[in-house]
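Here is a short briefing on one protein structure. Look at the sequence and the model, then read the points below.

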Amino acid sequence: MDCYTADWNPLGEAAFYRKFELYSMDWDLKEPLRDCLVAAAPYGGPIALLRNPWKKEKSPSIRPLLQIYSSSGVALASLLWKSGPVVLLGWSAEEELLCVQEDGSVLVYGLHGDFRRHFSMGNEVLQNRVLDARVFHTEFGSGIAILTGAHRFTLSANVGDLKLRRMPEVPGLQALPSCWTVLFQDRVTLVLLAIGPDLFLLDNTACSGVVPPGLTPGVGGFLQMAVSFNYRYLALFTDTGHIWMGLASLKEKLYEFNCNIRAPPKQIAWCNRPKGKQKAVVVAWERRLLVAGNAPESIQYKQLTIEVLLDRLVLRRLYPLAIQICEYLRLPEVQGVSRILAHWACYKVQQKDVSDEDVARAINQKLGDTPGVSYSDIAARAYGCGRTELAIKLLEYEPRSGEQVPLLLKMKRSKLALSKAIESGDTDLVFTVVLHLKNELNRGDFFMTLRNQPVALSLYRQFCKHQELETLKDLYNQDDNHQELGNFHIRASYAAEERIEGRVAALQTAADEYYKAKNEFAAKATEEQMRLLRLQRRLEDELGGHFLDLSLHDTVTSLLLGGNNKRAEQLARDFRIPDKRFWWLKLTALADREDWEELEKFSKSKKSPIGYLPFVEVCMKRHNKFEAKKFAARVSPEQKVKAFLLIGDVAQAADVAIEHRNEAELSLVLSHCTGASDGATADKIQRARALAQRK
């Protein structure tokens, strides 16, 4: 039995523990830690080291190394630092290394030392330089707080969406505060700092003095402070050797401990005590470590979710392990395996020692049609790595044209993008590519490209009709499309030209184009319109009034209404208006003028080509029964019944219908016999019908 328990050691009275090696520590530091800026990511993440530029032991001409290790000491990256002096290193929540330089610029590196981006903390920081800085994490993301040489604080709560905020001035601050930190309360970022025995809290608008409740008297200054990971607790180390622990709101004291050490500690941090779930503070000096505290409610282990754990495995390129965890936890494909495979593919495209064909084939074989995987995203990563041909090959596996096209445009493969857009059948997508081509190519190449793509050409013509008429004309010219050129000049004569001379010139050009298109009808009609326009201008000059842009019929009507009968008749002859149409126009105009005498003369001028029923109708429409009766008598026999009914003479209509022995006419008259006075007429019709049946 002893052989099974020999490596177990007692822990208190009722527990035992044993220890064994899970992995070896592989540290191989190039610089002593005391000479380096050090940043350790939370949750056992990577550790970054860079020789402190303010240390003068080494020649400034020797460039320092930026080194990144895993928490077990495995070297992940090492690169020469070629930029300016660094004040602070810190890790973002996404495990990106933030290097804050003295000039306020921030360089961002990946876990494996790959440069991601850079940004500036603003002109004020650039002018006054950085004295000190902090990287902090909130629900908004990872932020940076800067203390400038002007002793003012500037911060951004989220470096992914940089919005700089200058904090209020601190009265009497002429040097570095003895200590300071960032707090986060009620979704607002605050700065807490110490100047001698005084604490100041900076919010968005003001600087306020604060006092920790229950602090032992006699404190001459605060040497160090630390806030817990969830921003609920605060620890202060005083020059009397006391450690005050309480709520970060400074409304309640939880614990105070006298460590009897007055030397400033190197570092102070919150952690979990080994036994139970109690909060504790670790205070570190050069060769001494102290743990103190008794605050409840630890939530540290709830911070690192399974999604974050998977992300960190992916960052370390431990793809098989991440997939095994997803399968073990039975995570949905889109959240688990698909996402990890997509990350693997994005890493795969960076392997430049493998040919484009082999990489594309390997990715497709591994991913296939896995749901949630975007080949266009992987292709974008390949393009970002300078592998354009690989990106194009990967896009062939992307089933959504809407995802293919934007990247093809970005890669300046616009003609291929146009083909893909047309294949998709999405006119909006085609239109987007066409406009992109228009801006990218010279006019000749652009038009030639469109000529080979009828769908795109048709869409672009529609656009030009509303937005770029001159371009539309150029398109028709290039295609020798004389019919459409004629139509174009017709529209232009009305839309673009105001002077009559310009309009006539545009119409003449249109007529010439119609002749070239062998459309003689359109050409002649256009020439007629030109002649009408000139005549209308002359009429306006001679008679006044408005004639321009009236139709031929309306021009005749206007002349008739104005009493210019001779001119109207001449116009009708000049433009060969048929007699029937002219009689209708004149009849209507005279009735509108209520010139009944002239109307009667006109009816007798010659035999009416439209008959006399229209005269009856026009008179009755204007409630002139007297004049209508005159014309009813002159109506042709086949229309007399209708004429008499129009003037309300039902009896005479009945007589004519009986005389004609026309059943349809008899039924029509009978339908108008509605009043008591029409009873005799109705009986007369019925008798006529009966007599006709006996015969």
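Which residues lie nearest the centre of the second largest pocket? They are Arg 116, Val 314, Leu 315, His 343 and Arg 381, from a lining of 30 residues. This is a predicted model, where local features need pLDDT of at least 70 and side-chain atom pairs count only at pLDDT 80 or more, while totals for chains, interfaces and linings use all residues. Residues are numbered from 1 along each chain as its sequence is written, and side-chain values use heavy atoms, with hydrogens and water left out.

**The second largest pocket**
- A pocket is an open set of points on a 1 Å grid over the protein atoms alone, with protein on both sides within 12 Å along at least five of seven lines; lining residues have an atom within 4 Å of a point.
- Its volume, the space filled by probe spheres set on the points (joined across faces, edges and corners), is about 740 Å³.
- Strand E10 (115-120), helix H4 (306-315), helix H6 and helix H8 (375-384) each supply at least two lining residues.
- Helices (H or I, at least four residues) and strands (E, at least two) are DSSP runs, numbered from the N terminus.
- H6 gives the most to this lining, with six residues.
- The lining divides into 12 nonpolar, seven polar and 11 charged residues.
- Ala, Val, Leu, Ile, Met, Phe, Trp, Tyr, Cys and Pro count as nonpolar, Asp, Glu, Lys and Arg as charged, and the others, Gly among them, as polar.

**The nonpolar cores**
- A nonpolar core is a set of buried (under 20% relative accessible area, 1.4 Å probe, protein chains only) Ala, Val, Leu, Ile, Met, Phe, Trp, Tyr and Cys residues joined through side-chain atoms within 4.5 Å.
- The largest has 49 residues, and Ile 363, Leu 367, Ile 378 and Leu 394 have the most contacts inside it.
- H6 (residues 337-348) gives the most to this core, with six residues.
- Beyond its neighbours within four places in sequence, Ile 378 is in contact (heavy atoms within 4.5 Å) with residues including Ala 342, Ala 345 and Cys 346.
- A second, separate core of 48 residues includes Leu 532 and Phe 575.

**A strand pair**
- Strands E11 (residues 130-138) and E12 (residues 141-148) pair (at least two DSSP bridges) in the antiparallel sense over eight bridges.
- A hairpin joins E11 to E12 through two residues.
- Ala 133 stands opposite Ile 146 in E12.

Definitions and conventions
Buried < 20%, exposed > 50% of the residue type's maximum accessible area, 1.4 Å probe, protein only. 1 Å grid on protein atoms, 1.4 Å probe; cavity = no way out; pocket = protein on both sides within 12 Å on 5 of 7 lines; lining within 4 Å.
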